[in-house]
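Biologist: I would like to learn how to read a model like this one. Please show it to me, and then take my points in turn.

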Amino acid sequence: MLNRRHLRVKVLQSLYAYHQSDTKDIKLFEKNLLNSIDQVFEMYIWMLSLINETIEYVSRDAEERANKHRPTAEDLNVNQKILTNRFYLSVLDNKDYLNGIRKYKVDWSFDPELAKSLFTTLKNSPEYAEYLAKTDDTIQTDKDIIKFIFKKVILKSSLAEQVFEDKFIYWPTDKEVLQALIAKTFKNFASENFAENKLAEISSNWVEDRDFVVNLFEQTIRHDAEYQELIAEKTQNWEPDRIAMMDTLLMKMAIVEFINFTSIPVKVTINEYLEISKEFSTPKSNSFINGILDKILFELKAQNKVRKSGRGLIE
């Protein structure tokens with residue numbers, strides 16, 4: 001599921017898009033922010049569907065082999081055991097998955113070669129041959145071959161990578177979350193009773209997480225000029241053009257958390273934005289942001305503007 005760092009990254013991406021745009025419609029960008037979070041779940045449904053497409057290609061492969069001009073005995077008796085895989089059948093039986101397929105209009109007909117390519121890789125692997133040879137399958141061994149399809153077939157496929165990159169603008173950063181969602185799904189799908197197997201959730205508390213991202217986004221924009229001035233006072237020895245926009249946005253978001261998010265410890269806020277800067281800004285941003293935030297935090301504390309509701313949250 002999406003943790004708070006992922007959510008902060010989503011807000012950062014939306015703030016960057018807002019400042020780069022000539023349109024300053026906050027509600028429009030807020031809507032796009034929430035859509036970008038929903039797209040993570042959409043990506044998850046598309047990936048589950050691609051796993052199923054890969055599995056289902058065994059039927060087409062068996063048909064093509066049987067229709068050869070001179071089929072062998074093996075061609076006429078293709079092992080289609082994977083179509084009885086309990087993880088696969090449980091996903092197909094899952095109402096949330098089926099609702100997601102309808103909601104996001106998931107249909108792989110636009111790229112018929114992808115499933116063929118993935119199944120060919122699967123079919124030629126020793127892991128698949130070993131799976132087909134097993135006679136004492138359990139739900140765990142059924143999940144093991146699905147894990148192999150996901151990790152070693154799909155994620156290793158340049159074709160699949162390109163499709164997801166083209167379809168989802170934030171694929172490079174959301175890929176990690178997707179892998180966590182799929183891993184959670186493997187953990188959740190542990191029962192022979194399909195009704196007990198649940199999809200992974202995008203958030204453990206969406207009401208709370210939604211409030212967090214919306215407030216962080218809105219407050220950062222609302223106080224943009226004020227916090228820009230605060231940052232400028234602490235960076236007088238720096239040319240404004242030399243300060244990366246990402247650094248400025250990260251510092252403004254941190255200031256918002258210092259002042260407006262009373263339950264988030266200041267250490268957590270600083271550490272989170274320093275970690276995000278390592279991925280989304282320049283090599284020197286980490287130490288630069290840390291130094292400026294320390295100065296700003298010292299001043300805000302002196303002005304009694306940092307008010308945390310829990311014990312030890314302000315240190």
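Biologist: What volume does the largest pocket have?

Modeller: On a 1 Å grid over the protein atoms alone, a pocket is an open set of points with protein on both sides within 12 Å along at least five of seven lines, and a cavity is a set where a 1.4 Å probe fits but cannot get out. Points are joined across faces, edges and corners, and a volume is the space filled by probe spheres set on them. Here the largest pocket comes to about 220 Å³. This is a predicted model, in which local features need pLDDT of at least 70 and side-chain atom pairs pLDDT 80 or more, while totals for chains, interfaces and linings use all residues. Residues are numbered from 1 along each chain as its sequence is written, and side-chain values use heavy atoms, without hydrogens and water.

Biologist: Which residues lie closest to the centre of that pocket?

Modeller: Lining residues have an atom within 4 Å of a point. There are 15 for this pocket, and Arg5, His6, Val9, Glu176 and Glu279 are the closest to the centre. Helices H1 (4-20), H10 (171-188) and H14 (266-280) each give two or more residues to the lining, and H10 gives the most, 5. Helices are DSSP runs (H or I, at least four residues), numbered from the N terminus.

Biologist: How does the lining of the largest pocket divide by residue type?

Modeller: Ala, Val, Leu, Ile, Met, Phe, Trp, Tyr, Cys and Pro count as nonpolar, Asp, Glu, Lys and Arg as charged, and the others, including Gly, as polar. The pocket lining has 6 nonpolar, 3 polar and 6 charged residues.

Biologist: How many cavities of 30 Å³ or more does the search find?

Modeller: The search of the whole structure finds 1. The largest cavity has a volume of about 30 Å³, and its lining includes Met47, Phe164 and Trp171. Helix H9 (residues 158-167) supplies the largest share of that lining, 3 residues. By type, the cavity lining holds 6 nonpolar, 1 polar and 1 charged residue.

Biologist: Which residues of H2 and H4 meet?

Modeller: Contact means heavy atoms within 4.5 Å. Asn52, Ile55 and Glu56 of H2 meet Tyr88, Val91 and Leu92 of H4. This contact is made up of 4 nonpolar, 1 polar and 1 charged residue.
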